[in-house]
Amino acid sequence: MSDALPALLMHKISQVVEQLSSAVVTYEQNLILANSLGAEDMVLADLLSRHLPEIPQFVLDTGRLPEETLSLLAKMAERYPKAVIEVYYPESSAVESYVRHYGINGFYTSQSLRKTCCSVRKLEPLKRALKGRKAWITGLRREQSVTRDTVAFSAWDDANGLQKLNPLADWSLDEVWAYIHHFDVPYNALHDQHYPSIGCAPCTRAISVGEDLRAGRWWWENSETRECGLHAATPLPIRQKP
Ligand code: SF4
């Protein structure tokens, strides 16, 4: 464990634990963390292991994840042996159909085909992961991109029909990394190679100094459209408690 954390970050950590503890009371076992294996979600996974190990997590393995992300998934299972981590995969018949019609990298052809691929490999598995749940937890932060600057701590997710909790909404990137280093949390090796945001291997690249944190995701598209649909719902007004 490194030097003491700043008082403001300690306060934010307490707020996250408070919000999620309250959510456990409200939603009981119908609450789950969507763990993308990004830096923010590793903070949340570590916080759950320390304070709320009863909250399960799910990972969407799209079949196109970088090797470094899969290595982190294996490392996570070792580091947090009591964590309940469910891994969801796309329907093989849907992937086969997509590749048959559009090619293995058809997503580069148009935004429509990119969104179709995300739908097959991410959105359909997400629906299964959230089925029967009353709330899900994500690591979204407002400063991540122009598509996320109004993220609420808690909001109704109309697209998926359940409450969505974003306890790190007001965290800065520095605070995320201060937490990771302080508690020696495992993280994706690509983060050390200028990949602040990591998705599927063919749709993610390193960014340059000064670029938006999500500039390496679907870099060939307009910055206003760079979401896969997992977090497409329009945010409602900010509330502190679930
Ligand atoms: S990020 Fe790329 S490879 Fe992954 S599901 Fe979306 S379009 Fe397909």
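**Entry 1, ground rules.** I noted that the model is predicted, that local features need pLDDT of at least 70 and side-chain atom pairs 80 or more, while totals for chains, interfaces and linings use all residues. Residues are numbered from 1 along each chain as its sequence is written.

Helices here are DSSP runs of H or I with at least four residues, and strands are runs of E with at least two, numbered from the N terminus. Helix H4 (residues 92–102) packs with H5 at about 165 degrees, the axes being 10 Å apart; axes are lines fitted to C-alpha atoms, for helices over the stretch in contact, and angles run from 0 to 180 degrees between N-to-C directions. The two helices are therefore roughly antiparallel, the word for angles over 145 degrees.

I traced six strands in an open sheet of mixed pairing, in the order S3-S2-S1-S4-S6-S5, where two strands pair if DSSP finds at least two bridges between them. Strands S3 (85–88) and S5 (154–157) stand at the edges with a single partner strand each, so one side of each has no neighbour in the sheet. Neighbouring strands are turned by 30 degrees against each other on average, direction ignored. I then looked at S4 (residues 135–137) and S6 (residues 162–165), which run parallel and are joined by three bridges; alanine 135 has glutamine 163 in S6 as its bridge partner.

Definitions and conventions. Parallel < 35°, antiparallel > 145°, perpendicular 65-115°, else oblique.
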